[in-house]
Amino acid sequence: MIFISQENIDELELKCADLISKTLVELGQSKPQEEIALLAQSLSNDLRTDFKSLMYSDVQNAFRNGVRNTDLFALNVKTYYKWVKSWRDILWDAEY
């Protein structure tokens, strides 16, 4: 079990780029590689800063749930941040 805080920074950014690319496909959207790279940097920074106690699989679940169960369909920082924060809250509620 590896938490975000324990992830290698470069590997985390690559994982984030893959997740963003996959999510864009699921949403029927496209962005240039430069924008995907910037979003991946932003996501990995947010994860290391605000969600370091989550595991990467939690982030994947947050994106999966966000795509399938919310009305937020434009992938941007505000959207993914809400998805991850909501998923973290679900996990915290389940613990207590």
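Helix 1 (residues 9-27) and helix 2 (residues 33-50) are oblique to each other, in a model that is predicted. Helices here are DSSP runs of H or I with at least four residues, numbered from the N terminus. The axes of the two helices come within 8 Å and cross at roughly 120°. Each axis is a line fitted to C-alpha atoms over the stretch in contact, and the angle runs from 0 to 180 degrees between N-to-C directions. The pair is called oblique because angles under 35 degrees count as roughly parallel, over 145 as roughly antiparallel, 65 to 115 as roughly perpendicular and the rest as oblique. The crossing of helix 1 past helix 2 is right-handed, a term for a near helix turned clockwise from the far one by less than a right angle.

The residues that make up this packing can be followed on both sides. From helix 1, the contributors include Ile 9, Leu 12, Cys 16, Ile 20 and Leu 24; in helix 2, Ile 36, Leu 39, Leu 43 and Leu 47 are among those they meet. Contact here means heavy atoms within 4.5 Å. By class, the contact has 11 nonpolar, 3 polar and 2 charged residues. In this scheme Ala, Val, Leu, Ile, Met, Phe, Trp, Tyr, Cys and Pro count as nonpolar, Asp, Glu, Lys and Arg as charged, and the others, Gly among them, as polar.

Charged side chains provide a further set of links. Side chains of opposite charge can pair when their charged atoms come close. The whole structure holds 5 salt bridges, each defined as a side-chain nitrogen of Lys or Arg within 4 Å of a carboxyl oxygen of Asp or Glu. One of them joins Arg 68 to Glu 26 at 3.5 Å, N to O. Because Arg 68 lies in helix 3 (residues 56-69) and Glu 26 in helix 1, this pair ties together parts that are 42 residues apart in sequence. Arg 68 is partly exposed at 43% relative accessible area, as is Glu 26 at 33%; buried means under 20%, exposed over 50% and partly exposed in between, with a 1.4 Å probe and protein chains only. Lys 22 joins Glu 26 and Arg 68 in a network of salt bridges.

Another salt bridge pairs Lys 31 with Glu 35 at 4.0 Å. Asp 89 and Arg 88 also pair, at 3.8 Å; Asp 89 is partly exposed at 28%, whereas Arg 88 is buried at 13%.

Residues are numbered from 1 along each chain as its sequence is written, and side-chain values use heavy atoms, with hydrogens and water left out. Local features need pLDDT of at least 70 and side-chain atom pairs count only at pLDDT 80 or more, while totals for chains, interfaces and linings use all residues.
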